[in-house]
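Please read them with the coordinates open beside the text.

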Amino acid sequence: EVTLVMETKEGRSGDTAVEDIETWMDKAFDMAKDALQNGEVPVGCLMVYNSEVVGKGRNEVNETKNATRHAEMVALDELLNWCHSSNLDVSRVSRNTVLYVTVEPCVMCAAALRLLNIPTVVYGCRNERFGGCGSILDVSSADLPQTGNTFKCVSGHRAGEAVEMLKTFYKQENPNGINWPVVLFLCCSTGGGEAPHLFCPTRKSSPPTRHSPFIFSERQIHVWVCVHIYILRVYL
């Protein structure tokens, strides 16, 4: 059987059958396309346990007006419901489940995957703005006590296609999108505009990109991750 192996900071991430990746990622991309057609950021994912889909989701942020309804969070809800309805232990199922998603999980979703001890994540393209698996923060392998286990990543499958779908979405007008000038003003200034915000130590006139990122201190990164993890503990 042909396998795909990826090297991480911790070494080999384990063997993942190429045939499985292609099969499940095909379905994840179908869900991403459905998200795009419904005015959502085109991200889709599946959670597979013993060759069975036990959770699936696509972005539902605009539809629900809930910023936490990322594809992974929707799929995690389905996983929890499946375990309860099947009378199976959530922890045991999670430790043997693989997540297939079209885009690198964000910091919030990566933290949720850690909390549930998902061992392996297969994703398409990198998330250069909010990625929690190395692009922005490496929640997947960072030493974060009492926040679940690290997980391994296999990346790059149909990455170009995932990027093109994202470009298609962001070329459209998103009425629920972030108004960056307003956000930056509120985050970077108060009153006369001189007081820096905890999460925005430097002032920029444009949103963070790969070529002009915000500069965060280690303390600010730690606070950011802790806030996400606290929210997720309440949510889960």
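1. A residue is called buried here when its relative accessible area is under 20%, and exposed when that area is over 50%. The model is a predicted one, and the points below should be read with that in mind.

2. By that cut-off S94 is buried, because its relative accessible area is 0%. S94 belongs to helix 4, which covers residues 90–94. Setting aside residues up to four places away in sequence, S94 touches L79, L116, N117, I118 and P119.

3. The sheet deserves a careful look: five strands form an open sheet with mixed pairing, in the order 6-5-7-8-9. Its edges are strand 6 (52–58) and strand 9 (152–155), each of which pairs on one side only. From one strand to the next, the twist averages 20°.

4. How is strand 7 paired with strand 5 and with strand 8? With strand 5 the pairing is antiparallel and runs over five bridges, and Y49 stands opposite T97 of strand 7. With strand 8 the sense is parallel, again over five bridges, and here V98 stands opposite T120 of strand 8. Strand 7 is also largely enclosed by the rest of the structure, since six of its seven residues are buried.

5. Strand 7 and strand 8 take part, together with helix 5 (residues 107–115), in a right-handed β-α-β unit. Further along the sheet, strand 8 (residues 120–125) pairs with strand 9 in the parallel sense over four bridges, and V122 has V154 of strand 9 as its bridge partner.

6. Helix 3 (residues 71–85) lies across strand 5 (44–49), strand 6 and strand 7 (97–103), and runs at about 145° to strand 6.

7. Which residues have the most contacts inside the largest nonpolar core? That core has 54 residues, and those with the most contacts inside it are M47, L76, L79 and L99. Helix 3 gives the most to this core, contributing eight residues. As general background, nonpolar side chains in soluble globular proteins tend to be buried together.

8. L76, leaving aside neighbours within four places in sequence, is in contact with M47, A112, L113 and L116.

How values were computed:
Residues numbered from 1 in each chain as written. Predicted model: local features only at pLDDT ≥ 70, side-chain atom pairs only at ≥ 80, totals over all residues. Heavy atoms only, no water. Helix = DSSP H or I, 4+ residues; strand = E, 2+ residues; numbered from the N terminus. Buried < 20%, exposed > 50% of the residue type's maximum accessible area, 1.4 Å probe, protein only. Contact = heavy atoms within 4.5 Å. Pairing = 2+ DSSP bridges. Axes fitted to C-alpha atoms, helices over the stretch in contact; angles between N-to-C directions. Core = buried A, V, L, I, M, F, W, Y, C linked by side-chain atoms within 4.5 Å. Right-handed = clockwise from strand over helix to strand, strands pointing away.
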